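Visitor: May we go through this chain together, starting with its fold and moving on to single residues?
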Amino acid sequence: MTARPEFEFVTIAACQNTVRKACPQVATNIPGVVALRDSERPGEVVTMTREAWAEFTSAIRCGEFDLSA
């Protein structure tokens, strides 16, 4: 059985001083891995490479996942 890495999750700045319940949390403390989870579902963790994370965040900045449209 492979041991699960100990991710050190950080809540995004937009949620730091609010009363929101579900906030995205990101961990980058494991070399080569970015982990993402929802604060209300801490057991469900999605991991990706740093390269995949860079592509994902670039797509977000470009509006590819804009849900307001």
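Visitor: To begin, how many helices and strands does the secondary structure of the chain come to?
Guide: The chain has two helices and four strands. Helices (H or I, at least four residues) and strands (E, at least two) are DSSP runs, numbered from the N terminus. The model is predicted: local features need pLDDT of at least 70, side-chain atom pairs count only at pLDDT 80 or more, and totals for chains, interfaces and linings use all residues. Residues are numbered from 1 along each chain as its sequence is written, and side-chain values use heavy atoms, with hydrogens and water left out.

Visitor: And what pattern does the chain follow along the sequence?
Guide: The pattern is β-α-β-β-β-α.

Visitor: What share of the residues counts as buried?
Guide: Of the 69 residues, 17% are buried. Buried means under 20% relative accessible area, exposed over 50%, and partly exposed in between (1.4 Å probe, protein chains only). The accessible surface of the chain is about 5500 Å², and 55% of that surface belongs to carbon and sulfur atoms. These areas come from the Shrake-Rupley method with a 1.4 Å probe; for residues, only the protein chains shown count as cover.

Visitor: Val26, then: buried or exposed?
Guide: Val26 is buried, because its relative accessible area is 18%. Val26 sits in strand β2 (residues 24–27).

Visitor: Which residues is Val26 in contact with, leaving aside neighbours within four places in sequence?
Guide: Contact means heavy atoms within 4.5 Å. On that basis, Val26 touches Glu8, Phe9, Val10, Val34, Ala35, Leu36 and Trp53.

Visitor: Turning to pockets, what is the volume of the largest pocket?
Guide: Its volume is about 180 Å³. On a 1 Å grid over the protein atoms alone, a pocket is an open set of points where a 1.4 Å probe fits, with protein on both sides within 12 Å along at least five of seven lines; lining residues have an atom within 4 Å of a point. Grid points are joined across faces, edges and corners, and a volume is the space filled by probe spheres set on the points.

Visitor: Which residues line the largest pocket?
Guide: The lining consists of Ala22, Cys23, Pro24, Leu36, Arg37, Asp38, Arg41, Glu44 and Val46. Strands β3 (33–38) and β4 (41–49) each supply at least two residues of this lining. By type, five are nonpolar, none is polar and four are charged.

Visitor: Where is Glu44 placed?
Guide: Glu44 belongs to strand β4. With a relative accessible area of 53%, Glu44 is therefore exposed. Beyond its neighbours within four places in sequence, Glu44 is in contact with Leu36 and Arg37.

Visitor: And where is Ala22 found?
Guide: Ala22 is in the loop between α1 and β2. Its relative accessibility is 41%, so Ala22 counts as partly exposed. Leaving aside neighbours within four places in sequence, Ala22 is in contact with Asp38, Ser39 and Glu40. Ala22 and Ser39 lie 17 residues apart in sequence, yet 5.4 Å apart in space, C-alpha to C-alpha.

Visitor: A last topic: why does the length of helix α2 agree with what its residues should span?
Guide: The expected span of a helix is 1.5 Å times one less than its number of residues. For the 12 residues of α2 (residues 50–61) this should come to 16 Å, and the end C-alpha atoms are 16 Å apart, so the two agree.

Visitor: Which residue with a positive phi follows α2?
Guide: That residue is Gly63, with a phi near 85°.

How values were computed. Nonpolar A, V, L, I, M, F, W, Y, C, P; charged D, E, K, R; others polar.
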